[in-house]
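Here is a short note for anyone opening this entry for the first time. Please keep the coordinates in view while reading.

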Amino acid sequence: MAVPKRRTSRANTRHRRSQWKASTPDLVPLVIGGNRLLVPRRLVRAYQRGLITP
């Protein structure tokens with residue numbers, strides 16, 4: 001495993017971490033019970049099976 005030769009400053013560490021951003025999920029239109037919903041793609045089957053209620 002790589003071992004750093006010297007300590008990274010707090011400012012550099014925080015600057016590097018701040019570049020990681022969460023991306024918005026892909027929303028898919030879905031009709032359940034006559035209602036049109038926009039749900040994340042990974043939850044479509046759960047909505048269709050009734051595991052998640054709108």
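Is Ala 2 buried or exposed? Ala 2 is exposed, because its relative accessible area is 70%. The cut-offs are these: buried means under 20% relative accessible area, exposed over 50%, partly exposed in between, with a 1.4 Å probe and protein chains only.

1. Basis. This is a predicted model: local features need pLDDT of at least 70, side-chain atom pairs count only at pLDDT 80 or more, and totals for chains, interfaces and linings use all residues. Residues are numbered from 1 along each chain as its sequence is written, and side-chain values use heavy atoms, with hydrogens and water left out.

2. Layout. The protein chain has two helices and two strands. Along the sequence their order is α-β-β-α. Helices (H or I, at least four residues) and strands (E, at least two) are DSSP runs, numbered from the N terminus.

3. Overall shape. The radius of gyration, taken over C-alpha atoms, is 21 Å. A compact globule of 54 residues would come near 10 Å; that rule is 2.2 Å times the number of residues to the power 0.38. The C-alpha trace spans about 60 × 25 × 15 Å along its principal axes. Of the 54 residues, 15% count as buried.

4. Start of the chain. Ala 2 lies in the segment before H1. Pro 4 counts as exposed because its relative accessible area is 65%. From Pro 4 to Gly 50 the C-alpha distance is 50 Å, for 46 residues in sequence.

5. Helix H1. This helix covers residues 10-17 and includes Thr 13. Why does Thr 13 count as buried? Thr 13 is buried because its relative accessible area is 14%. The side chain of Thr 13 reaches the backbone oxygen of Ser 9 at 3.0 Å.

6. The hairpin. S1 and S2 form a hairpin with two residues between them. Gly 33 sits in the turn and has a positive phi of about 60 degrees. The strands pair in the antiparallel sense over six bridges; pairing requires that DSSP finds at least two bridges between two strands. Ile 32 has Asn 35 in S2 as its bridge partner. Leu 30 has Leu 37 in S2.

7. The core. Which residues make up the largest nonpolar core? The six are Val 28, Leu 30, Leu 37, Val 39, Val 44 and Tyr 47. Strand S1 (27-32), strand S2 (35-40) and helix H2 (44-49) each give two or more residues to this core. A nonpolar core is a set of buried Ala, Val, Leu, Ile, Met, Phe, Trp, Tyr and Cys residues joined through side-chain atoms within 4.5 Å.

8. Contacts. Leaving aside neighbours within four places in sequence, Leu 30 is in contact with Asn 35, Arg 36, Leu 37, Val 39, Val 44, Tyr 47 and Gln 48. Contact means heavy atoms within 4.5 Å. Across the chain, take the contacts between residues at least 6 apart in sequence: 0% of them join residues at least 24 apart.

Methods
A polar contact is a pair of N or O atoms within 3.5 Å; within protein, one must be able to donate a hydrogen and the other to accept it, and residues adjacent in sequence count only if both atoms are side-chain atoms.
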